[in-house]
Amino acid sequence: MRGDITLNHEELIICERLRALKMSGMADAFEDQMLDPNADLVPFIERFTRIVDKEWQLRYDKKFKRYLKKAHLRYPDADIDETIYDPARKLDTTTIERLASCHWVDEGKNLLITGMTSSGKTYLSNALCISALRQMKTVRYIRANTLMLELEQARLKNEYLEMVTQLSKLDLLAIDDFGLMELDLDKCRDLFEVIDGRDGRRSTIIISQFPIKSWFDLFKEHTYADACLARITDKRHSYRLEMNGISMREAEK
């Protein structure tokens, strides 16, 4: 009811049926129009478009929230905002803007983000993850050490293959703090299984404070080092972004 305007019997039935069909967005938009005394001034196609758009947006928002929750982002509100244009951050803003389109995710290419501690690598990677989520792509963010622990636990529970398969199906997997864990033989093997399962088909972001040229020495087993790095650092299949500007922690003080 809006003032002295109420829905008639037929209009109430339409709203009830729409809600029974789980189209509450359309029901709310239809009700708003029926309670608007000036609704007839708007062309039918525009009015109907508003009703459909309300339902579409409602479903989109619900799905986005589900995907966002499953992504386990460290910064679920991360955004590519005007701070990337701060000269002190020394960022390649053109590359970041292009990465935000997520065409590289559609192509199954990787992104390697390196740079100094507190330069905003994790935040930016999460912002790019959100760009992918807004396109309804499946995403998972995880620290490298946590990934290794989860794979170890999955092996003990006889769920290892299932977990590797799940990771291989994600549109975008972001592995943070690469290089801060010891890559012994088992971890080398686990990392290879994850990377190989995604190679050429799904995109992976690797975030590290160590320069790429030093990654080889992070592996205790150099055969796996060759195999992993060949898949994630090949310039034909990966993009690179260096972040060596001002510390964001210092900037916030």
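Q: What is the volume of the largest pocket?
A: This is a predicted model, in which local features need pLDDT of at least 70, side-chain atom pairs count only at pLDDT 80 or more, and totals for chains, interfaces and linings use all residues. Residues are numbered from 1 along each chain as its sequence is written, and side-chain values use heavy atoms, with hydrogens and water left out. A pocket is an open set of points on a 1 Å grid over the protein atoms alone, with protein on both sides within 12 Å along at least five of seven lines, whereas a cavity is a set where a 1.4 Å probe fits but cannot get out. Grid points are joined across faces, edges and corners, and a volume is the space filled by probe spheres set on the points; for the largest pocket this comes to about 510 Å³.

Q: Which residues that line the largest pocket are the closest to its centre?
A: A lining residue has an atom within 4 Å of a point of the pocket. There are 21 such residues here, and the closest to the centre are Tyr-75, Ser-118, Gly-120, Lys-121 and Thr-122.

Q: How many residues of the lining of the second largest pocket are charged?
A: Ala, Val, Leu, Ile, Met, Phe, Trp, Tyr, Cys and Pro count as nonpolar, Asp, Glu, Lys and Arg as charged, and the others, Gly among them, as polar. The second largest pocket holds about 250 Å³ of space, and its lining includes Arg-66, Lys-70 and Arg-140. Five lining residues are nonpolar, three are polar, and the number of charged ones is three.

Q: Which elements pack against the buried residues of α8?
A: Buried means under 20% relative accessible area, exposed over 50% and partly exposed in between (1.4 Å probe, protein chains only). In α8 (residues 160-169) the buried residues are Tyr-160, Met-163, Val-164, Leu-167 and Ser-168. They lie on the same side of α8 because they cover an arc of only 140° around the axis, taken from the directions from the helix axis to the C-beta atoms. Counting contact as heavy atoms within 4.5 Å, they pack against α7 (144-156), β3 (172-176) and α9 (185-198).

Q: Which exposed residues does the face of α8 turned away from its buried side carry?
A: An α-helix has 3.6 residues a turn, so residues three or four places apart point the same way. The face turned away from the buried side of α8 carries Leu-161 and Lys-169.

Q: How far from the sulfur of Cys-102 is the nearest cysteine sulfur?
A: A disulfide is a pair of cysteine sulfur atoms within 2.5 Å, and the whole structure has zero. Cys-102 is in no disulfide, and the nearest cysteine sulfur, that of Cys-129, lies at 8.9 Å.

Q: Where does Cys-102 lie?
A: Cys-102 is buried, at 0% relative accessibility. Its phi is near 70°, a positive value in a residue other than glycine. Its place is the loop between α4 and α5 (103-106).

Q: What is the relative accessible area of His-72?
A: His-72 sits in the loop between α3 and α4 (93-99), and its phi is positive, near 55°. It counts as partly exposed, with a relative accessible area of 47%.

Note on methods
Helix = DSSP H or I, 4+ residues; strand = E, 2+ residues; numbered from the N terminus.
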